[in-house]
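My entries follow the order in which I looked things up.

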Amino acid sequence: MSELTKIEVASGVFWVEAPGIGLRVLCACPADVVKHLMKRGLILPVERKGFDCETGPNAILLSDVLLQNGRFSNLAEFPVLQMLYRQGMIVPGHPNNTGGRPLLIGLREQVDAQLQYIYRGNYGLVSEEEILESGVGRPEAREMMRLKLRFAFGAIQHPRELLEPVYVDDEPVVLRGGLQLRRLALNRFEFAYAGESVTVDLNLPPNVHYDVPYTLGLHLLRREYFAVIHSGEGDGWDPNRPTMGSILIFQGRIYLIDAGPNIQASLSALGIGTDEIEGIFHTHSHDDHFAGLAQLVRSDHRIKYYATAMVRSSVAKKLAALMSIEEGSFADYFDCRDLAFDVWNDIEGLQVKPLFSPHPVETSVFLFRAIWEGGWRTYAHFADIVALDVLDSMVTDDPEAPGVNRTFFERVKSDYAIPADVKKIDIGGGLIHGQAKDFRGDRSRKILLSHLARRYTNEEKEIGSGATFGAVDILIPGNQDYMLRAAHEFLRSYFPDAPRHQLLILLNAPLVTFNPQSIVIKAGEANRDIYLILTGTVEMIEAGSGVHVLVHAGSLVGEISGLRGTPSAETYRAENFVQALRLPCDLYLEFISNNCLLAGITRLQAQREFLRRAPLFGEGMADPALNRVAAAARSFSLAAAETFDPKGVGLVMIRSGEAERRFAEEVHETLAPGDFIGEETVLFDAPSRYSMRAKTAVEAIAVPSEVLRPIPVVRWKLIETHERHLRRFAETTGLRQRLAGLAGECGVKVQRMDNQHVSLLASAVALLAVIEADKGRELVLETLRAMIAFARYHFDQEEALLKMYGFPDLERHAAIHRRLLAQAAQFQDRIGAGASISAAEAEAWLKGWIIEHIRVEDAKYSAFLNSKNIF
């Protein structure tokens, strides 16, 4: 028998097993990875000594990078739950509960982020103070905390008590039983045991996404007035279906209810592009309702985010923990619209009432209604709910004990009984989900059963119906064509100054539908029509140059070749059902000429088409957004060997030729067409540490930061790129080890503060690098100013956190912060006045200024905050 087995589970995911020592390592854990393991037979139902349980991994190796091609690589919540509960590793008396904890392996920053993300996934808001901060009154916050503690069996535990973290940097580590793990390069690892070895590569190739474990049929949906599309009826353990979710259509506009794993696959199967989504209503932060948020930010506009303040706060904290970013960054990607509990909130005619639902994390179920002939039409979405007998077992007369009072129980029971025309209910059972029997006497016109992996029992079938993927319940039919409204809005965004009567000429063109995989325009052939995409997604393919781009609703297909009367350079192919406005080329050219638009369109066309082919802009951006970027872009040229400093410019992207990304005299990367520098300026308004030197003659564009910052998909890709460049910078300059050592010395066991400390240390290391490389006084000053600005922000955040929890030594701590800022200003003034500062002198000053403060002063609040469940 082989000592080591390697199995490719799915793209970018592997299983490594050492049978002789009983170690089973899941390598990478993207969304729905548990379902892949089930399908591959690596998780199986078994019985052990009278216990029904499952097989599965007992260790997880995390990806070195959190994001790959826009998808999360590390989502360990469900794999960890599977190990702890479904395998029985922490179940009392279970034969698999041998005292060994599952291993969580990877880079320190990834392991620590996953621990905190799991912590937030388990509990949401972890203290009465955090609940109060979300706007809830003190009596209600106290009752919610009692409920939370009851679900937590009386105590909130950090995942460190349940998992064994193993940090892997550049040196090999020996895992349980003698299995050795070594990092070969970024995301490439070698396992060795008993003379055998296997390697795994967790890097995804460009344009490759993590696999979806199930296959969905393709649907052509009509945009109704008020309707519900059933987009998921399974749960996090159902390998054949998406998790519980719905899509609302109101007045032709599309709203999601929750965003489970692989939401993009569900949307694509339904012919809905991310750019078509008006908003999302969010029930809670568990991964089977949360993991798809990453795919929703891949849009050219901020999607409206509707949730109660409590749920939003819980979700923002979990996303911040996962990505090691600040909670306030959530608003960079979503347009947050807080909803009030227990009242009807009006959303442009659609009314929604959130009701509190008992769950381990902050959760609201939703009632929706719209007025029509004869009164209101209503839809109830009840995910996640609790079984009433479970909730009844939590009732206690002791106001200090974990649990709920009888009044609370009766209110929840009454809320769950509110009738609706269509009501979808969670019947997942167990300690934290609902059961069908609680709705046996429900007066709703139609009940749908959901959130289940197993088959329905006969008793459940008597209570409610099922729904297949893509099934639609029409509450108010649409008696108008909402496609024409969408066409008008898109055309108006293209031609804001065109007279209305001129737009109506184009709007009189016919609507056409393309079946999935149909060719819309073929390369090498002249197209007689130009198509304005209204729904669905079109592939733009140029096989010879390797171009493959998705074109979304709001984009014009075939415009360039149609106006010029030349054969198309690309093939356009419907990825799913596509609806479009067919504009005859001669009619479109007449419209352009009559409105004197040809010069402007011609000027933007070349720039827009280049941007569409660039990886940064080629996904998630429709033509109107590309036009705004193209209009703001400034073109410039560099001769071979000419150097360009991107300071203050924004983002610089190569159009043609090759250039070098340089730090001092070292070449860190060769830039080809579509590559760029300056992401730190766009993301953080910080000076770029790099310069650019042309290897050949170069044509490039510069795009102002303020144009790019409001585009979520661009910000998301820039973060992914920045993480990769930062790691390469640290490895190339040898500063990674220095930063890792400093970060290890400065942990205070509060992730938010530790993340900020790492960022502050990274700023200090960058300052040292600039000084060591003799980059000039001006860049030294800019880098120092950025470090001081972040230090000021960090001190404010730290003091606010300590004030929230009543840290007794806050005044003294704040006074020390003021003294440190004064010292930094003096140091800055010295450099500004012309003083020569050596790298050794700067390092000594920084160690005293940052490291000693964290190790001595910040360490004093660590145990205090941990005692408040703040980790």
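Predicted model: local features only at pLDDT ≥ 70, side-chain atom pairs only at ≥ 80, totals over all residues.

Entry 1, strand E31 and its partners. I looked up valine 538 and found it opposite alanine 574 in E34. E31 and strand E34 (residues 571-574) pair in the antiparallel sense over 4 bridges; I count two strands as paired if DSSP finds at least two bridges between them. Helices (H or I, at least four residues) and strands (E, at least two) are DSSP runs, numbered from the N terminus.

I then turned to strand E32 (residues 547-551), with which E31 (residues 538-542) forms 5 bridges, again antiparallel. Methionine 540 faces valine 549 in E32. The hairpin of E31 and E32 has 4 residues between the strands, and in it glycine 546 adopts a positive phi near 80°.

Residues are numbered from 1 along each chain as its sequence is written, and side-chain values use heavy atoms, with hydrogens and water left out.

I traced 6 strands in the order E21-E22-E23-E24-E25-E26, with mixed pairing. Strands E21 (345-347) and E26 (446-450) are at the edges with a single partner strand each, so one side of each has no neighbour in the sheet. From one strand to the next the twist averages 25°.

Within the sheet I examined E24 (residues 375-382) and E25 (residues 422-426), which pair in the parallel sense over 4 bridges. Alanine 380 has lysine 423 in E25 as its bridge partner.

I also found helix H12 (residues 406-416) lying across strand E22 (350-356), E24 and E25, at about 145° to E22. Axes are lines fitted to C-alpha atoms, for helices over the stretch in contact, and angles run from 0 to 180 degrees between N-to-C directions.

How do the axes of H14 and H15 cross? The axes of H14 (residues 482-494) and H15 (residues 500-507) come within 10 Å and cross at roughly 130°. The two helices are therefore oblique to each other (under 35 degrees counts as roughly parallel, over 145 as roughly antiparallel, 65 to 115 as roughly perpendicular, the rest as oblique).

I listed the contact residues (heavy atoms within 4.5 Å): Leu484, Ala487, His488, Leu491 and Arg492 of H14 meet Arg500, Leu503, Leu506 and Leu507 of H15.
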